[in-house]
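Let's take a friendly look at how a protein model is put together, from its chains to the places where they touch. Have the sequence and the 3D view ready as you read.

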Amino acid sequence: MAGLLQVGDLTRRFGDRIVLDGISFEVAAGEVCAVVGPNGVGKTTLLRCVVGADRPDGGWLALDGRSLVETDPWVRASVAAVLDDIDFFPDLSVREHLDLLAYGHGTPDAAGTVARVVEELGLDEAQDQLPATLSSGQRRRLALASCFVRPRRLLVLDEPEQRLDAEGRAWLAGALLAEREAGTAVLMASHDAELVDEVADWRLEFGAE
Amino acid sequence: MTGALAVPSARRLRAAVRRARRRHGESPAADIYVFVLFALICAAVGDRLLTRYVVRHGGLLGDVGPVRWWLAAAGGLALSGLAWRGARLLGPLLSGPAEQSWWLSTPVDRAAWLRGPLLLRVCGGAAVGAALGVACGALAGAAALGWLAAAGAGAGAALLAAAALLQAGGRRRIHPLEWVPAGVGFAGAATVLALHAGTVPLPEPAVPPVPVAAAALVLAVAVTVAAVRGLSRVDRAAMAGGAQVAEAATTAALFLDPALLFGVLEARRWRSVGRVRRRPFWPGWARLPGRRWWLLIAADTRRLARRPGGLAVWAALLVLPYAVAVLAPGLSGAARLVAAYFATSRLAAGLRLVHASPALRRALGGRDRELTAAHTVNPALGLAVWWLLSAGVRMAPGLPAQLPFALGVLAAVYRAATRPPRNYEGGAVDTPFGMIPVALLRQLGRGVDLLAVLVLAQLLLQ
């Protein structure tokens, strides 16, 4: 099965320090790939290059056989991501963030989709709150919700389990399995061995000798 | 699942965002009022003080013929080069993490989303360029200030648009060649000053202002059109770095603390360097008495050598007092003190670092006074050399009597570098500009206060 996400010979340097050295792999539709490894080996850098938040110094990326370039609206419509740099507008409520994102993506039945995701993530009580009043766990849930109120073919998550309580982690595992069932390709970096064991089809190991 | 969706236009999404934010946000009118009021008061007070000083000294500008024109041209070029560096550092198109995550991730037309911000920046560049054109024209004693304003506006707009064009082309790193205009400007000013000092006659400039203005405006339009066409190629990565700098600059302005901005710029600089060559410290240090002290100085010197930009600024600042001595002799002593302060500050990064970090001091061991003294050696030596190199600038007392001023500059740099940790909890006074934290201002004024006293003394003596 050809990969939905194809990465070839990806290289990223900071000065003369090589963080990604010719990385190549594929993630098929309906497949979950977990990027694992110790701190500082380039997991986040890889994800940032995939979503276009960082530019690789070499190599290529393709989505469904088409060059994966962040400026392409089709790519933005296909790739949903939560990285460590996500932030919120201090003057927009939880619900407004999600409503506007769903609107920007042209999500069919945006209001219904947002309501469902808000309920699933346990944010219904907090949906009129401004981000400054949310706990770190609620902020994490809001970040994750941004991926599920919009269409997607590739889901890119950087340590999605961070700051989630046990209930939240259980929901996350279920949501990732549902994404796999729905044919979404998932590329996630994680330090949670249990989560990786539960949802990942295969691991991309970084820093392994 | 991602095909044939009703994605809104950029205008509609922006309008929806604006409507939602208006429900919670405050009107920016209050901020604009405070800014305009502050600018008007500064302009009125500054104008009155300057006029008094100029009247007292029988005129500000010296009558030095074409050298004024050449210095104004070189200064304009240097400032344009620095503005180019600033524009490239910021983007000039940028978006914060929230905008990247929530709006730029949508398939909304990227070019349409960015068109407004680009045109706003181009207009800002034109306004600043026009002001710079008029300032340089006035300095040069030119009559056609209107045409110079037009030329400056065209150049400013073209500069911003060209930076956006490079951003769209994916040029992330600033190429060394991009420093050339600023370098040529400073080198040109130094050359003009050297020729003037050697009484070499400079030719009368013969630049027709109308064709120059027309060319600048045509260039601005052409580059802006090209930049607008390239907007669809501006990616998230290109806008992310500038946002970090802009956010740090805003926070630094809000908290009246430039160190917050410098921290981000430092982190970016070292990240781009990535790795440095490992070299042992000279083994001869081990044989010197007080080996530890010498090693601290050697480490501080090595860190300075890894900041070539800082040394370049140290050297470039030498031009300033000499230029002021030619253009406005009454202000030359003050200009020398201010330039010496900034030049020496560039060498005091180690002192700032050691003083600001108790953890670092604990790790280095020894007494705080010893650490501070070791990290004051380089700034002191740098100031001594700089002071000698700028000795040609006339100051009120003769060279031997200038020693208190030089020591005063060193003390000001020391005071600024050893500011206590910021404390935002002190008392605040309600003013027309909002709440002013007095304790915080006193902290941030440390160092600058002494410099102000030195400048005032110099102005009174000169």
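In chain B, buried residues make up 35% of the 462 residues; a residue is buried if 20 or more other C-beta atoms, placed from the backbone, lie within 10 Å of its own, exposed if 12 or fewer, and partly exposed in between. This is a predicted model, where local features need pLDDT of at least 70, side-chain atom pairs count only at pLDDT 80 or more, and totals for chains, interfaces and linings use all residues. Residues are numbered from 1 along each chain as its sequence is written, while chains are lettered from A and ligands numbered from 1 in the order in which they are written.

**Chain B and its domains**

- The secondary structure of chain B consists of 21 helices and two strands, where helices (H or I, at least four residues) and strands (E, at least two) are DSSP runs numbered from the N terminus.
- Chain B is split into domain 1 (32-61), domain 2 (62-254) and domain 3 (292-461), with bounds that come from an automatic or database domain assignment.
- Taken over C-alpha atoms, the centres of domain 2 and domain 3 of chain B are 29 Å apart.
- Where they touch, 11 residues of domain 2 of chain B are in contact with eight residues of domain 3 of chain B; contact means that the C-beta atoms of two residues, placed from the backbone, lie within 7 Å.
- On the domain 2 side of chain B that touches domain 3, helix 7 gives the most, with five residues.

**Where the two chains meet**

- Between the chains, 37 residues of chain B are in contact with 33 residues of chain A.
- Helix 1 (10-24), helix 4 (97-102), helix 9 (236-254) and helix 10 (258-273) of chain B each supply at least two residues of the side that touches chain A.
- Helix 1 of chain B gives the most to that side, with six residues.

**Chain A**

- Chain A has seven helices and nine strands.
- The radius of gyration of chain A, taken over C-alpha atoms, is 17 Å, close to the 17 Å that the globule rule (2.2 Å times the number of residues to the power 0.38) gives for 209 residues, so chain A is as compact as a globular protein of that length.
- Along the principal axes, the C-alpha atoms of chain A fill a box of roughly 45 × 35 × 35 Å.
- Buried residues make up 49% of the 209 residues in chain A.
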